[in-house]
Every structure is written in C-alpha cells, then in structure tokens.
Amino acid sequence: MASKISHGQIQMLRSQIKEPTSVLSPDSEGYEKSLERWSAVGYQRAGVIIRPTNVEDLAITVRFAKDNRLDLAIKGGGHSTDTSSSSDGGILINLGSMRQVSVDSTESTITAQGGALWKDVNSTAAQFNLSVVCGTTSQTGVGGLTMRGGYGYLTPKHGLVLDNLLSAKVVTAEGQILNASTNEHPDLFWAIRGAGANVGVAAELKFQAHTQANMVWFGTITFTRNKLTEVVEALNGTLIHPQGNAAAQCVFALSPDTGAPVVTTVLFFNGPEEEGRKHFSSLVNLGCISMNMEMRPYAEANTMFDDAMPSGGRKKIFGVKLPPRIRPGFASELLEEVGRKLTAAPELANSRLGIAYFDPSKVCEVPISETAFPSRTKTLNGALFLRWVDPSNDQDFIAWGEAIQNMCESELRRAGHEPDKLVSTFFGYTHGEYKREKIKLDEY
C-alpha cells in the first residue's frame, strides 16, 4: 500500500476541495502550525494537511485517501502521545477549523463538531447551567476522548463520555456520510463507541447533557510522603458516594518548592462545601502542607492540570489500572520509585503519576456487549505523565514508564484482577481482539 502523497496527487486533491477549506503542503503558510501537537513524541511530517470546514470536504478527503491508497491520519485535539494523529508523508486531516458547539436547552443536548476541545464544550454548556461528562483537562479533543471511552469527575454519576453519546455524524472509511445512533446504522453506532478511530471520522457528536450547578467544591490538598498510608486509606474509604457526587485523584510528584516527593489529592464534590467537607473529612482533617479547596465554577475544575502539562515539548502518557482499594504498601512502592526516578533524572522533574478515584459502578452498569468499549471492570484508572526535553532520553524514559505499567499489572494480579490493555482513555487501541458477531466493520 502506498503511503506518501505525490505533488501531483496534492494538486488533484486541491482541485476537488473548495475554500475556505485549506490544503496545506509543506511549503504553505500555516503548515507548521497545523502540524503542532500536544507532545513532540510521535511527531511526523505529513505530505499534505487538510483543514476541512465542513463534512463534505472531510468526506472528499477520506475517499481520496482510500481511492489512492494513501496513509491517512486524523487530528482532533492532537493530545495523543503516539503516532495516531500524525502521518509520515501521507494525508493529515486537521479538524481544528471545525470547533462549533451548539446547545438545545429544551432537550438538554449538546452537539460539538469533531475538532472541538472540551473547553469549548464546557464553556458553552455553562451558559445554560448544563454539563457533559468529559475528561479532567480542557485541552483534549472531544472526538478522541469520546471514542476511547472517556473518564471524568462526572463519571461516578453519569458513566463514561461515550455512554452519554446520543448520536454522531460519521464519515466512514468508504467516505460515506452517515448519521449513527441507536435508530440509524446501529452497528456503526455500536462500533464508534470504543473503536471509533478504526471505523470512521466523527464530524459531529451529540451528547446528553445534565443539569449542572455552576459552583462545585474543588481543589487540592498536598501532604508529605509520611502521610501516604493515611491518604490512601482515606481515598479508599471515600471512593463511593451514594449520589455519585464525589471524585478524587491522587498524584505522586516532586514538590516544586523542595524537590521532595509529595502526595497531592485533587478533590471534587458536585455540591455545597459543607457536604464535600463531610464526605472527605478524613482528608480535610489530616495535617497537610497546603490546602487549596474552595467553591469554583464547574468548568474551571477541568482546567486544573492544563498549566502543569502545557502543549509542546516531549511528553508521553502511560495508562495503568489498579485495584479499587489500593494497598498502602504498594502505593508506598510507587511513590518511592517515582521519587527516585524524577530525582535522578532532573529533566523529568515536572512529571507525575495520577490515580483516578472515580467510582466505576456506573460504568459497569452498562452491559459490555452494548458498546465496543470492553474495559468495564471494577478497577481504577491511572496515568503516568512524563515530560522531558532531550530526544536522546526517549528510550530510557519510555522504558521506565513501561516498567511502572508492569508494576501496576503485577499488583492488579495480586489483587485477583486480570490485567488488560484494551481500549481506554490512556491505553489507546486494543492489543488483542474484541468482536461482536453481528457487525462487519469492513462494511463501513
């Protein structure tokens, strides 16, 4: 199969597409900017970049790539740390010009174009006192997170992002434009919820929205490393809230002030401060280094980590899974190893390991056969975020990240769970096979 597009093919494709859609070759103004990604890891130079402004030009490009057997990649938010949103000499479709978000306040639905970021959705929804289940940072793309599952602070109450998807306008691998929902092309709708990028491009996504109070109790509490056991036990005990209004994260990192390993909890309570303090009392009453908890706008809660991991530079995300009750002894091993490596390699000083204490009960209520998302298990998700500068350290740092994954897999087995690397927010796409007898993906 050919992969790289020729000059003649670029001209041919350009003749089929009308302005304002942009066709950018390497010598075009705006090419370099359109190529930028959240992470320089996985960076490749496309032969041509298409920035569609409508679904018709998007479909033309997909059909052209198919007919000419060219490599094709889709960039939504560009937040991946592999090569999934880049192409080496082929066609890159950058959806950055398709970021419109609309709200139907009567039906409580929110529709976003495929290039929208979660900050676009959250800021628009807030104007109507609504919310959509989303991730924990505002700079990620709506389409990529939705198709891979999507966990966030509202997951304990409303499930995965993809569980709240009502319909999608999809450009299939054949270049067809289809509306997918439980009523139209239901097999395609099944497939895009979990394996979407293997099936087609989501040009538009319609979500069920939920009534959302503007203010939530949210922030961070940071503890010294000797409080780790008490912190982990407290988080284990506060995982479940009867109404699903609580969520938390536990972050292992180096203190920006002292350089020593510290434990930071990120607490989210979808309600008044008094109730939040009561639910998280075991943490609030534990002696800490600093506390930055207050009532904040809901949309602000999803921006907490944006500054800690800004766009650009070399970054890599390693997904991990852990038992729903984390063993303090294992947490101590993790913190010790993270502190050791980040101290020994100063380039990694701004890296961190985060564990999401999001009650998985709601996720597991959906039968596994209902979507192409197979990772509905009563486990916790986490991610190791590595950030560095020198490309010569890629191999060393990535190997260490994989070693952390192996540590967590061993602990998962110890607790009686079978590890997997199936579709999920941080694992990317399946390393094995997951099939539904009734669907033939090559039909789309």
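Reply: Happy to. Two strands count as paired if DSSP finds at least two bridges between them. Strands (E, at least two residues) and helices (H or I, at least four residues) are DSSP runs, numbered from the N terminus. This is a predicted model, so local features need pLDDT of at least 70 and side-chain atom pairs count only at pLDDT 80 or more, while totals for chains, interfaces and linings use all residues. Residues are numbered from 1 along each chain as its sequence is written, and side-chain values use heavy atoms, with hydrogens and water left out.

Let's start with the layout. The sheet to look at is open and has five strands, in the order β5-β6-β10-β8-β9, with antiparallel pairing. At its edges are β5 (101-104) and β9 (177-181), each of which pairs on one side only. From one strand to the next, the twist averages 20 degrees; such angles run from 0 to 180 degrees between N-to-C directions, and the axes are lines fitted to C-alpha atoms, for helices over the stretch in contact.

Now follow β8 (residues 165-172) on each side. Towards β9, five bridges join the antiparallel strands, and S167 stands opposite S181 in β9. β8 and β9 also form a hairpin with four residues between them. In that turn, G175 has a positive phi of about 85 degrees.

Which helices pack on this sheet? One is α3 (residues 55-67), which lies across β8, β9 and β10 and runs at about 50 degrees to β8. Contact here means heavy atoms within 4.5 Å. Another is α4 (residues 118-126), which touches β5, β6 (109-113) and β10. The direction of α4 makes about 35 degrees with that of β5.

Rings of Phe, Tyr and Trp (its six-membered ring) pair if their centres lie within 6.5 Å; planes under 30 degrees apart are stacked, over 60 edge-to-face, and the rest tilted. By this rule the model has eight aromatic pairs. One of them is W118 with F207, a tilted pair with 5.8 Å centre to centre and 50 degrees between the planes. This pair links distant parts of the chain, since W118 belongs to helix α4 and F207 to strand β10, 89 residues apart.

On a 1 Å grid over the protein atoms alone, a cavity is a set of points where a 1.4 Å probe fits but cannot get out, and lining residues have an atom within 4 Å of a point. The structure holds three cavities of 30 Å³ or more. In the largest cavity there is about 80 Å³ of space, where volume is the space filled by probe spheres set on the points, joined across faces, edges and corners. Its lining has 13 residues, and A125, A126, L130, Q212 and Y298 are the closest to the centre. Two or more lining residues come from each of α4, β7 (130-131) and α11 (298-301). Helix α4 gives the most to this lining, with four residues.

What is the make-up of that lining by class? It has eight nonpolar, five polar and no charged residues. Here Ala, Val, Leu, Ile, Met, Phe, Trp, Tyr, Cys and Pro count as nonpolar, Asp, Glu, Lys and Arg as charged, and the others, Gly among them, as polar.

From F207 in β10, step over to W118 in helix α4, and from α4 carry on to the lining of the largest cavity.

Technical notes: 1 Å grid on protein atoms, 1.4 Å probe; cavity = no way out; pocket = protein on both sides within 12 Å on 5 of 7 lines; lining within 4 Å.
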